[in-house]
There are 2 protein chains.
Amino acid sequence: MISNKMQKLVKNNSVIRQMFEEGKKLEKIYGKENVYDFSLGNPSIEAPKKVNQSIIEIIEKENSLQIHGYMNNAGFEDVRETIANSINQKFNTSFTKENIIMVCGAASGINIILKSILNPNDEVITFAPYFMEYNNYIENYDGKVVAVSPNTKDFQPNLQELEKKITKNTKALLINTPNNPTGVIYSKETIEKISKILEAKQHEYGHEIFLISDEPYRELAYDENEVPYVTKYYSNTFVVYSYSKSLSLPGERIGYVVVPSKMEDSSNIINALTIANRIIGCVNAPSLMQKVIMNCIDEKVDLTSYDTNRNLLYNTLTEYGFECIKPQGAFYLFVKSPIKDDIDFCSKAKEFNILLVPGSSFACPGYVRISYCVSTETIKNSLQAFKKLANSLQLKGK
Amino acid sequence: MISNKMQKLVKNNSVIRQMFEEGKKLEKIYGKENVYDFSLGNPSIEAPKKVNQSIIEIIEKENSLQIHGYMNNAGFEDVRETIANSINQKFNTSFTKENIIMVCGAASGINIILKSILNPNDEVITFAPYFMEYNNYIENYDGKVVAVSPNTKDFQPNLQELEKKITKNTKALLINTPNNPTGVIYSKETIEKISKILEAKQHEYGHEIFLISDEPYRELAYDENEVPYVTKYYSNTFVVYSYSKSLSLPGERIGYVVVPSKMEDSSNIINALTIANRIIGCVNAPSLMQKVIMNCIDEKVDLTSYDTNRNLLYNTLTEYGFECIKPQGAFYLFVKSPIKDDIDFCSKAKEFNILLVPGSSFACPGYVRISYCVSTETIKNSLQAFKKLANSLQLKGK
């Protein structure tokens, strides 16, 4: 009695569940501290102190009916205004509260955008490797996923292939920078080139092609790498932002979507997004957390430990003979599988109590993802296991 | 560039917006205290003190990473267990945490159920008058809404018509008790009869027909009226619960769905709901609020002021010559329009600064909805305006 669309997902889910259960089994046998679980993207750095202070302050000082009550489906006006001003200050843009829609996290933001723009069989292009949950979001609205194959040289997107894959049915390009799973930040040059391609194709086909920039990792950029603000390069851009990683609040489901006024038909699109937010059942982003965000607008998590993990893991693994590019952002390392099949490699790693996610799960076989959003202690402890894994595969270390 | 499905909604929305703007205009001219806005269902009673105390307690005592972090998409296990136990204690059921899925409010709960069960053109039956947002939820998954016409005698559902309207394409019956907009509680007898009809029709068509019981007003029952627990009468029942009204937390988006183990294929359906929760973008119900619910499991708002409003408004309006049945629950009064067209009547009421919602918006023309979730002060002040309205229509008072 399950809908046809969901049946496939229920089946696949039991496979993931099995992996999860196996991990739990390992923990039971060897002890939690001897299993190195790099499979999850759950932040390991606590929210800034000001977040919890703000919660208490708001609860103590503000009107209870208001902080827990309904508001416009787009969110509290003062919250949206504060966010618009903050973006303007950082990126020299000129947004107002009208351009901001508060949402239940980035996943919800992408859903309401796709619900607002997709007709059945419209195509949404994305660059492999990518977070394959996108497939589900796109298929929710009967859209078709078109993946551009990975550029494994530096994991900047393959723009020649992008150009070829845009058709008259292309409704949007969905990008994610800093990227999950590669940690790559799309450069200013990349964004400029993407914009030019989309502009030309819009002209060629005589209709808009939207750029959806999924940016939950925006604040997680290391070595002062710049993450270009995409609306400045291309008018028909939606920016999807989340506080899941920037403030370590993934469970709270809080983020926003930016719709620039210069987007074609922007005011109707803003209405559509606001209605979609209501009718897919979110209704509005959680009210107290909206207020908290307003109070913490200049806060972000202390990246020190992620950065330490990144350097330690990158330096050591490459020393052991593993191949990967150094991530510029997010909290993932995307490592080339030393054996052909990445799923076999994950099984091999599991023999050493190392839990990884195969690149196949990101439409990029031959690689594996390591989430280093764990304690530095765990990273340190895992190194001997990685060493053994390298030895067992006879990798040539430095 | 807006999707076809959303275009109609964007157009209609501007009408509602216009009504809202007009209300704001009236407030500017006459002062907020002289405009009687009975159009919204936003709770006017504050959350119990323990809710805000719990928020502070949890923030101060518990691990920040955990209270703001990801958990199973179905919600924290301890929260679900506490809820299951509480239901068991109240209704003599035998649920476990496995039967409970935490969701972003009832709207989200209904969406994930419909996504999990509906194929295109499947029919969902509901009893008029009903919350017409249901249409959007059902159409999100390409289902068809089948409305059973209202029984205006006592607003218990019209079961003869239900029986006739069930076809081989019927996938679910969606009920709402205590009811928005009538305030009626479906009696034990009604639920029993519904169950019998559905059982027989399941047998006749050889497939399950689900009963979805939308219960955000469950705790808002007056005069010790009993609200039957529907899973006890019919196995294939989903219960959708929300804390929006019971704890006055509508902005926080927190509720749950109950899937009884005796439901056909229940474990796959529970998986489907959990996945649907993830992929429609909610991912999980807001984490801190889940923990708050656990601490406040025995709390509910003090209904005194709603009850005062109910009695005052019912007694006075019927005295003035308006016709309506006395609501048993929720915070709405559903009044017969003294003139044929309920929309005309709303316009007439607006001349006296009274804002109502036409019954047409609930698939029940000829009636209007008064939301009495306002201060008793507002009710009292509005009575002279209702008196003038009655006089202008030459109603015969008692």
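Colleague: Which residues do ring pairs link into a cluster with F38(A)?

Modeller: Ring pairs join F38(A) with F322(A), F345(A) and F386(A). Rings of Phe, Tyr and Trp (its six-membered ring) pair if their centres lie within 6.5 Å; planes under 30 degrees apart are stacked, over 60 edge-to-face, the rest tilted. This is a predicted model, so local features need pLDDT of at least 70 and side-chain atom pairs pLDDT 80 or more, while totals for chains, interfaces and linings use all residues. Residues count from 1 along each chain as written, chains are lettered from A and ligands numbered from 1 in written order, and side-chain values use heavy atoms, without hydrogens or water.

Colleague: How many aromatic pairs over all chains?

Modeller: The count is 42. One of them is F322(A) with F345(A), tilted, at 6.3 Å centre to centre and 45 degrees between the planes.

Colleague: Is F322(A) buried or exposed?

Modeller: Buried, at 4% relative accessible area. F345(A) is buried too, at 2%. Buried means under 20% relative accessible area, exposed over 50%, partly exposed in between (1.4 Å probe, protein chains only).

Colleague: Switching topic, what lies over the face of F76(A)?

Modeller: That's K291(A), 4.2 Å from the ring centre. In chain B, the charged end of K291(B) sits over the ring of F76(B), also 4.2 Å from its centre. The rule wants NZ of Lys or CZ of Arg within 6 Å of the ring centre and within 35 degrees of the ring normal.
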